[in-house]
Protein chains: 2
Amino acid sequence: MEIFKRRWTGSREKGMATAAKRADRAASNGMIELYSHGGGRVGVMVEINCETDFVARAEQFRTLAHEIALQIAAGSPKYITADEIPAAELEHEAEIARARAKEEGKPDNVLPKIVEGRVEKYKDEICLLRQPYIRDESITIEKLILQNVAAIGENVVVRRFQRWELGESAAQS
Amino acid sequence: MEIFKRRWTGSREKGMATAAKRADRAASNGMIELYSHGGGRVGVMVEINCETDFVARAEQFRTLAHEIALQIAAGSPKYITADEIPAAELEHEAEIARARAKEEGKPDNVLPKIVEGRVEKYKDEICLLRQPYIRDESITIEKLILQNVAAIGENVVVRRFQRWELGESAAQS
């Protein structure tokens, strides 16, 4: 068992502005949270990091980790942030959006705006941090995390996740 | 809920020879089993396939899936079978074994045999199916699965797994 020297010095009052600044601080503690759905038909594994072992064991952090795992199971994100989306995938989505807008008879001068809007919507759908939180669609997962960071007083980072469905790999192998 | 038309026609008596033949049959049911260790410091996700939903729900299959997840947590395999090991990795291991054997003053004529033996031992260590079962080191995981296949009467396949340790990705990102 690790011995624990650092005390929790965060403050709940400074709120979201401070929370956003914390994004620069190192986060290498935390936990690997698991979630299984439908008797093992869907499995989710997600690593959530925080700064200290103390917070990693705290109930609020563990609850947040569980909520994020649930979100991944329900929302099927492909990426954590929009930065991870390959350029080719975004270009492909833009092509589809452009073709659809033309089919709908939109005038050429508004096409770029429409395409941009649809690509942004696509990012909202496939990026975990941009998805609306399944229990409260008025906030994104990013906002949910920042709210918790404000209360926890430590930086919290979703490091990586995997979401598997039973049999989806059968075709590949 | 899926309705279940197929009956279990396997026989326990035919034993391991039949079990080995079953390896050809399709296995697309099953479950994704999860296992977490050390309060979330290690996480394992493994997909185990069988042929029918009936077996996927059976206690023996579920127990086997759990044992395999435990094995992955404890044994830290890198691959399922030796076929998956990249040639470069095996060559690298062979180089190390050759250099070590020379340092130990082994005569040149026995070097190939020694190198081969050490590479095989390496495969036993890093391949899940070749690892000795943590609860009974006299059998490998492959043997454990075949014993269960003989009793279950269906092909059972470890399709894929992931084993994560907390913080191991921090250096990469």
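**Exercise 1. Determine which residue of chain B forms a salt bridge with R41(A), and how many such bridges link the two chains.**

Solution. In this predicted model, the partner to examine for R41(A) is D53(B). The closest N and O atoms of R41(A) and D53(B) lie 3.8 Å apart. The cut-off for a salt bridge is 4 Å, so the pair qualifies. Between chain B and chain A, the count is four salt bridges. Polar contacts across this interface come to 10 residue pairs, with both residues at pLDDT 80 or more.

**Exercise 2. Describe the extent of the contact between chain B and chain A, and state which elements of chain B supply it.**

Solution. Begin with the residues: 34 from chain B and 34 from chain A take part. Next, consider the area. The two chains bury about 2,600 Å² between them, and carbon and sulfur atoms give 60% of this. On the side of chain B, the most area is lost by M45(B), R160(B) and W164(B), which together account for 27% of what that side buries.

Then turn to secondary structure and composition. Polar contacts across the interface number 10 residue pairs. Strand 1 (29-37), strand 2 (42-50) and strand 5 (157-165) of chain B each supply at least two residues of the side that touches chain A. Strand 2 of chain B gives the most, with eight residues. By class, the residues of that side of chain B are 13 nonpolar, 12 polar and nine charged.

**Exercise 3. Locate the two residues of the salt bridge between E104(A) and R118(A).**

Solution. The structure holds 26 salt bridges over all chains. In the bridge of E104(A) with R118(A), the closest N and O atoms are 3.1 Å apart. E104(A) lies in the loop between helix 4 (87-103) and helix 5 (111-126) of chain A, and R118(A) lies in helix 5 of chain A, 14 residues apart.

Note on methods
Residues numbered from 1 in each chain as written. Chains lettered and ligands numbered in written order. Predicted model: local features only at pLDDT ≥ 70, side-chain atom pairs only at ≥ 80, totals over all residues. Heavy atoms only, no water. Contact = heavy atoms within 4.5 Å. Buried area = accessible area lost by both parts, 1.4 Å probe. Salt bridge = Lys/Arg side-chain N within 4 Å of Asp/Glu carboxyl O. Polar contact = N/O pair within 3.5 Å; in protein donor to acceptor, adjacent residues only side chain to side chain. Helix = DSSP H or I, 4+ residues; strand = E, 2+ residues; numbered from the N terminus. Nonpolar A, V, L, I, M, F, W, Y, C, P; charged D, E, K, R; others polar.
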